[in-house]
Amino acid sequence: MPHAEPWLERAPLLLRDAVNALLPAPARWWVDSFLDIAVLLGVFGLLFAFLTLAERKVLGRIQNRPGPNRAGWGGVLQPFADGIKMLTKEDIVPRLADPILHFAAPVALVAFSLMSFAVIPYGRHLLALDMDSGVLYFFAAGASSELAVFMAGWSGRNKYSLLAAMRALAQLISYELPLLLSFVPVVMISGSLSPSAIVTAQGGWHLGFIPRWNVLTPWGFAGFAIFMVASLAESNRSPFDLPEAESELIAGHLTEYSGFKYALFFMAEYFGMCALGGMAVTLFLGGWQAPCAFLGFIPSYAWFGAKLLALLLGFIWIRATLPRLRIDQLTRFAWKFLVPLALVNLVTVGFWHLSASWSRGFDPLRWAIAIALVVIPFVAMGRRLSAGLGPRTYRFAAQ
Amino acid sequence: MEITPEQKDELRRHGILLTSLEELYNWGRSHSVWPLQFGLACCAIEMIATSMARFDIARFGSEVFRPSPRQADLLIVSGTVTKKMAPQVVRLWNQMPEPKYCIAMGACAISGGPFKQGYNVLKGIDRYIPVDVYIPGCPPRPEALLNGLITLQAKISGQSISGPDAPRHLGSADSCEYPVPEFGGHDLEPPKNPDLWQPPAPARAPKP
Amino acid sequence: MLGTGLIKGLMVTAKNLAGSFHDPERLVTTEYPEQRTVLPQNYRNFPFLVTENAEDPMGTLRCVACQICEKECPPQCIYIEKSKDKKADAAGKMQIYPAVFDIDISVCMSCQICVEVCPFDAIKMDQVFEIATADRFTGLLLDRGQLSKPNSYFHQIHPTDAAEVDGRLAAERKAAAEKAKAAAAAAAAKAAASTASAPSPVKAPPPVSAPPPATAVPAIPPPVSPPPPPSPPPQP
Amino acid sequence: MNAVLAAIALLILASAGIALTLRNIVRSVILLVVTWFGIAAFYLWAGAEFVAFAQVLVYGGAVSMVVLFAVLLVRHGKAGVAETPAPSGRIVSALLAGGAIAGALAGAVALTPLAPAAGPAPFAPVRHIGVLLLNTHAASLLAAGAILTVALLGGVVLAAGGGPEKEDGP
Amino acid sequence: MIEASTDALLPSPGSRVRPVRDPFHGDLLEVSMGPHHPSTHGVFRMVATLDGETIVRLKPVFGYLHRNHEKLGESTTYLASMPYTDRLDYLCSMTNNWAYALAVERLIGQPVPERAEYVRVILAELTRLLNHTCLAGFLLQDCGASGTPLMYAFREREKILDLFESLSGSRMMCNYQRFGGCRVDPGAHWLAAASRVTEGYGRFLDEFEALLTGNEIMMARTQGVGPLSAKLAVAAGVTGPMLRAAGVAYDIRKVDGYGIYPRFNFRVPLGEHGDTYDRYMLRILEMRESIPILRQALAEIPAGPIMDPKARLRGLRPKAGESYGRIEGPKGEIGFYLVSDGTPNPYRYRVRPPSLINLTILEDLCLGRTIADAVIILGSVDIVLGEVDR
Amino acid sequence: MSTLQACLLLSSLLFSIGLAVAIARSSAILVLMGIELMLNAASMNFIAFWRFGPNPEAATGVLFALFAIAVAAAEAAVGLALVIALYRHQRTIRLQEATRLKG
Amino acid sequence: MNPAMETPEQIRDRLLARFPGAEISLVPNPAPGAQPSLCVGAAHLREAAVFLRDDDALRLDYCSNVTGIDWPKPGHLEVVYHLYSMALRHGPLVLRARTGNRADLVSLPSLTPVWRSCEFQEREVFDLYGVVFEGHPDLRRLLMWDEFKDFPMRKDYVEPPDYEWEPTAHDAVAAKAALQHPAAAAPSPAPSPEKT
């Protein structure tokens, strides 16, 4: 199994160490951490900038138009134009608003969403913080972000914002549970809460060519699907963008935000999306592992990046297509569909774990049972969820 | 601190910094004009058409139609402003953060247009808020709106940070809020904002 | 099964995304300032006044200031004042002409009713639309000088209409000329009857496209009519 | 090490103390969330990673949301946002009681001779905790699970049933 | 005194709409949606009283686009009102023109040549396609589908607008029909282009339906939302696709048979539940029915004059009298009521606005639903403010 | 003062603040929050004793803290449900006014 | 095409038979092809409307159009209803009602309880003409703002003077504008040639 050249694999680290070597020893720990943070911020800041552009361009292409193409070469400078404008825009704090919370909300949101970047393994050797319970840390950081959304909605003293705050709370309470339940199978199989261990556990290939990624097992696929749906809801993306539902609540919790604070929210949304995408890659898509053995010469962080970008493209694609749910449908979907499905998935993974010794000769049976355990509840519950809905036939007047 | 144009030329000659800062600022503003998602009448449909695939205002970076005035840069007054609606339009304008621009799109927004004889029609939105670009037509073609946007971009790019041709928002601080007219028994009160709009005298007297 | 509808929809958008790179049906954008939509012949946006002759736009307006369009204009955006004197039109006939002809295009709704009611084919619909301006008071009130455009321009934007109009006008003029000729001939015959030896006094009608002499441009009476403003017409 | 503890202590006590005095309930609750984060920081400082993250998840993610939801649901008149102040007698008695307890506890802590066993951080990886939970303390875990389930069911019954309005979702 | 009027058909007792108070006071939240709101389709305002997100009262407020159309119509000539009718329902200027032309033609007894009747049918059906397409796009936009359906709808709309533009000279404000015919003759080229658009429309509808009609979210959002009973629909004077979605077979093209509609074979689709999904699907089905009408009209259109030679443009002075002309517009019955006193201007010029009257039942449909439902119910009513407020 | 004592001091102060909140505030929600704070102070003690106490290997303190968090969450859920139910029936969340047990 | 509806004369006769003493008259309509309309007195308007709606031969269940007309000459306001039947697919029958005068006797019974579709249209007539509909559940101004005092569709309505600047002012408009600019009212012998 070919590996990328060690120096290529470690290239970012080597660069950091080279910088570090110039400095006196006592400063090194600080500079180390500082550089990690700076690089993360830089990379994801740029990713955010170009992600907004990519979203606008892809959305445009899906809608038969080219999208921004005038600022800079083919539009690449569009995010910077937006940035300059946002930075220089007047910052309005409504007279009735709660000024402290109004200010604290975007700051807290960005801080929380940045915190989650610390524990994602970006490459074989690239991990800012190797934590024993890193996954837990990740979700702890993510859970706090809805608090910021609430603060934003409440502080504006705007009725639409208030409704958005209520929606944000209801949405969070509903989707936190499936999100947490969806990754428990991964923890059960890999026996660790450490992201790097989870990635390592997904190394290798079945039959020499099918990667041992979690998503390629029945329970993993179900878990991945639940995780993606729940993370769409967690990052307030369409079709779960109810807190800022444009056609209903103007701009929801953002209604009273202008200028740079609004840009911070925007940034946090994309950071949250990137973080959840990165965690999905780590938990289900084999992290930085290459999909095929012969492609191993490409450095691991490139694989991570490619998978992340693919997921983000998926987010954009879904946003361009789907309409939005209603708040009661959203909570019902979470409680009556996703949570039971995630619980059933726990049973599936238990079975998978116990039947690990069947692999001699009974492998197809094991797969069949696991698939049935996933598909049958899905179909049954899906039918219950969509009871009474369906295409209709129409009659025509006699004359 | 006031800088005269001569001083500014001097500065320009000496330091590139101010010029390039100014250029950067203007470039950023002019390439990221986000309109308010606000339609009034017929012209609004052409405004929507402008943002659609055929004309694609996104190419100018302006497809981000924000529903909340707090995040918008450009108020496109697209259609007839009735007297019942005028206070809302002024309120929306007041809610937008500086720097902000206003395009009066179509005959009705400029002057009341074909409906100017109506008792409930405001004869031009510039009676209450300052208008940067007027686009005549009823309704203007989507290309005409794009042309108006280009005109606006050119106007922004020509502004300098200081001096007499500085944009409105860098000037006096009190120019941001405009008084909102109130509903009276027969008309809006006041029927115009005299600080903002002083029409020229009528072109000609009635024939005896 | 739950989700099939979603997937079907996602397939449609994916098809459009992929198609936008190779299928012109799926990337329909006209990139406006560089590419332009070909305007159909019938397209109308704001009226203009037809002059017969490009060299002397003011001298050969077809308009005779009959004020029908002013009366019929639904939003009342046309203002005309008749001249006090007469001058020769393109056909050489002495006509009243508009001393003032203003159109407020900040009011005009391009409904084309002025064109339909004009008995002289003097006002036609233009096709300009790039007239965004920052100044309402000076930029959007077009006067006689800004409104008048030569017949060749009319031919350029509405070839079919212009040809028809020219044909009709030529026929009318021919008829008028023949009538005049006949009248002249009758007069001549009468004259000849009285003085048989006199030579034929029939004068040829002035050529259609001949510009009237420069002196024919009347001095505009100062109190009612302003001189053409220095600003150029807002033609792109 | 102790500077960090002091900072954490300051954060916890200050936010809790200010939350005590604010009349605006929403602000109070948000400050209490800050207190909970401070407590999580304390756990982290003490080396109990797992407990710290559990604290953030449960308090920052769930309890605070439920509390704020409740605040918004019951905002009635001024009760929701600005609370009517309690009679001063109660405030005095509350401060007296709090102060007395604080004094008594502090005295007890100060006077009790405690072995200063500040060795290296004890080893408690997640796996270890999991094993303990499922072996030694399996019964307690079950009991806790049962309590949680019953509490949630009870909560749903209490909140959804009997009232004049129906709720969206559970 | 009033017998046989069931209470269900009556409006809820109204009171003055309260001025907006502190939103944090009281149990009920009063939200004023509009006149500037992304999904009120213009400057429409709904004052909704919410309990949580549930609507307990909803009063529409009109007049933000009241541009005195009727007063202007009474102060100008009959001809000069024609371009103003374009601006009534500014998505459907051709049908507005037709309804007005019909009313004036009835007032003066003006015949219309055969070819013009065919052209009118072609244009009316194209307008129906255009309007329903836009409506479907806007409705899905209101459901939260970030722009894509609307973009596709407008992509097709542009094709029809191109037809209108090359025929009448303007994309939206066609001002094309005259009393006694139409203004310009569409040449063979135009008819061929119209055929091409017609033939392509079926494909577009298939794509559009694949995009969202069968979508589970879309169905969950619209099915069972805002059902309208046939009884209430008739009592409230609801017309157009909304009425037929409630199951009442009443299509003025069939009932009045104005123009040359009796010559065409087309079916009138009927809904069963009267809910938002039915209203959406009815429009899709009507578009599918419009295509054969167009095909037939484009194939059968005879040669001949486009204007009645005796028709007058200027100086129309109808004798004293009155007439009411109505047609089946895309939004419902659009009618013009004219009273003449023998002068060049109409004495009374009245537009019967289908959008306004269809809004009568808005509160009934929205009560007890959430604010998100109200948005799509409003979207499915299909209003254009130019015509609601006039 | 040893670290352990400092930690215990901190938790006892927090406990008394929680107590004061529970007594002084009249809003039922804040009273609940005060109780939560007291519970938190207790779990801080568990952690402090586990970390700096004489017998760290057992990790019992950690487990106790975890259980305490779980129980506190349950308590919050039930308590807030009670508050909402109370509000539904009596339109108040002021504990002084909630004097009837029957709705 | 009204396949089987009785003529207005027949309807009038039946109405008179049903409500003896009601003031019901036929208003002729000289326009080609248009039928006369029924003018019903205010006292019996609502009973007549219910009769028209519920009578088995008429079943005029659909009130399409409601509008007002101002007649300063005879001195009354008129409300016109266009009635159709969706059940029997015939119509229209034009129903009119007149107020006593234009100043104080301006009330008529509301037909909203009979046809719900009158709700907004009667509000509009109230707003623009000032006809007060008694029994209307929610009689407020529909199009103008609540503080508005005039009835703008009446023939004698005077518009507020807000023509300050009209570049193509015609005499009527210029006279209005002159009110705003007294300086321009008395034209100087040589007015400024500037148009702007």
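Biologist: Before we go on, what am I looking at?
Modeller: This is a predicted model, where local features need pLDDT of at least 70, side-chain atom pairs count only at pLDDT 80 or more, and totals for chains, interfaces and linings use all residues. Residues are numbered from 1 along each chain as its sequence is written, chains are lettered from A and ligands numbered from 1 in the order written, and side-chain values use heavy atoms, leaving out hydrogens and water.

Biologist: Which residues is G67(A) in contact with, leaving aside its neighbours within four places in sequence?
Modeller: G67(A) sits in the loop between α3 (28–62) and α4 (78–88) of chain A; helices are DSSP runs of H or I with at least four residues, strands are E runs of at least two, and both are numbered from the N terminus. Contact here means heavy atoms within 4.5 Å. With those sequence neighbours set aside, the partners are R56(A), D56(B), A58(B) and R59(B).

Biologist: How are F44(A) and Y122(A) arranged, as a ring pair?
Modeller: Rings of Phe, Tyr and Trp (its six-membered ring) pair if their centres lie within 6.5 Å; planes under 30 degrees apart are stacked, over 60 edge-to-face, the rest tilted. The structure holds 52 such pairs over all chains. For F44(A) and Y122(A) the centres are 5.7 Å apart and the planes stand at 55 degrees, so the pair is tilted.

Biologist: How many residues apart in sequence are the parts that this pair ties together?
Modeller: Both F44(A) and Y122(A) are buried. F44(A) belongs to helix α3 of chain A and Y122(A) to the loop between α5 (99–115) and α6 (134–143), so the parts they tie together are 78 residues apart.

Biologist: Which ring does R29(B) lie over?
Modeller: A charge sits over a ring if NZ of Lys or CZ of Arg is within 6 Å of the ring centre and within 35 degrees of the ring normal. R29(B) is 4.5 Å from the ring centre, over the face of Y25(B).

Biologist: In what order do the elements of chain B run?
Modeller: Chain B has six helices and five strands. From the N terminus on, they go α-α-α-β-α-β-α-β-α-β-β.

Conventions:
Buried < 20%, exposed > 50% of the residue type's maximum accessible area, 1.4 Å probe, protein only.
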